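Please keep the sequence and the 3D view open while reading.

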Amino acid sequence: MNVLITPLTAADVDPVAALARRIWQQTYPGIISQAQIDFMLEQRYHRQRLLDELTRPDLWWDQLRVDGQLAGFSSCMRVDGGKEMKLDKIYVEPARQRLGLGARLIAHVAERALALGCGTLILAVNKRNQAAIVAYRKHGFAVRESVCVDIGQGFVMDDFIMAKPLPGHTAES
Ligand SMILES: CC(C)(COP(=O)(O)OP(=O)(O)OC[C@H]1O[C@@H](n2cnc3c(N)ncnc32)[C@H](O)[C@@H]1OP(=O)(O)O)[C@@H](O)C(=O)NCCC(=O)NCCS
């Protein structure tokens, strides 16, 4: 299995949005309503929004390919004045989950975070997304906070904020 993680380009935006829809339809029914899935996909994977995000200096999109085929992606951004890196999205194609690809994406983002002097990786995960919570715990995250965020149209994100300290980080770096 040849695994390659590279930055997303404008040409990858449509395939990534299509992959996101496939993964969300496999993951979120039973966790949030179909109306909320559709609303959030439109909000977060709108073509122009992704293209705009690719130009941001504080936000990074990565794609993971297995033998040349798109199999996952992540995005991360600096938060808290640059002290923390937020893993904003991480998704692996259903057929390739539990093969260590999520771990590869997390390690890639952690490396970037450390290089930029961030001491912690954080993320938000739906409280009912048990499989992802188990994965994050396995990869060194622990629940830090419980939040419920109003995202409009009557929908909320009922999430845990999880955090992973980055071991190589020192207060001076
Ligand atoms: C969460 C996700 C990114 C993890 O990536 P991954 O490549 O599957 O995870 P890894 O192979 O690195 O780690 C696997 C570990 O995670 C946990 N895990 C992952 N999927 C799981 C599942 N469906 N059920 C139970 N545990 C699961 C297990 O601890 C597993 O280890 P094991 O197989 O030895 O038991 C991926 O499964 C995914 O895209 N899930 C659907 C979308 C999603 O929920 N994304 C997160 C949004 S916040």
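## Terms and model

The model is a predicted one.

## The largest pocket

The space that the ligand takes is the largest pocket, and about 1,200 Å³ of space lies in this pocket. Its lining is made up of 47 residues, and those nearest the centre are Ile90, Asn129, Ala132, Ala135 and Tyr136.

Several elements each give at least two residues to this lining, namely H1, helix H2 (34-44), S4, H4, S5, H5, strand S6 (142-152) and strand S7 (155-165). S4 gives the most, with seven residues. Sorted by class, the lining holds 27 nonpolar, ten polar and ten charged residues.

## The shell around the ligand

The ligand is surrounded by 23 residues, and Val92, Arg98, Gly100, Gly102 and Asn129 are the closest. In this shell 15 residues are nonpolar, six are polar and two are charged. H5 (130-138) is among the elements that supply at least two residues of the shell, and H5 has the largest share, with six residues.

## Polar contacts and burial

A side-chain N or O atom of Arg98 is 2.7 Å from an oxygen atom of the ligand, while in Ala103 a backbone N or O atom lies 2.9 Å from a ligand oxygen atom. For Gln97, a polar side-chain atom lies 3.5 Å from a nitrogen atom of the ligand. The ligand taken alone exposes 910 Å², and the protein buries 80% of that.

Methods: Residues numbered from 1 in each chain as written. Predicted model: local features only at pLDDT ≥ 70, side-chain atom pairs only at ≥ 80, totals over all residues. Heavy atoms only, no water. Near = heavy atom within 4 Å. Polar contact = N/O pair within 3.5 Å; in protein donor to acceptor, adjacent residues only side chain to side chain. Areas by Shrake-Rupley, 256 points an atom, 1.4 Å probe, with all protein chains shown as cover. 1 Å grid on protein atoms, 1.4 Å probe; cavity = no way out; pocket = protein on both sides within 12 Å on 5 of 7 lines; lining within 4 Å. Sits in = over half its atoms within 2 Å of the grid points. Helix = DSSP H or I, 4+ residues; strand = E, 2+ residues; numbered from the N terminus. Nonpolar A, V, L, I, M, F, W, Y, C, P; charged D, E, K, R; others polar. Points joined across faces, edges and corners; volume = space filled by probe spheres on them.
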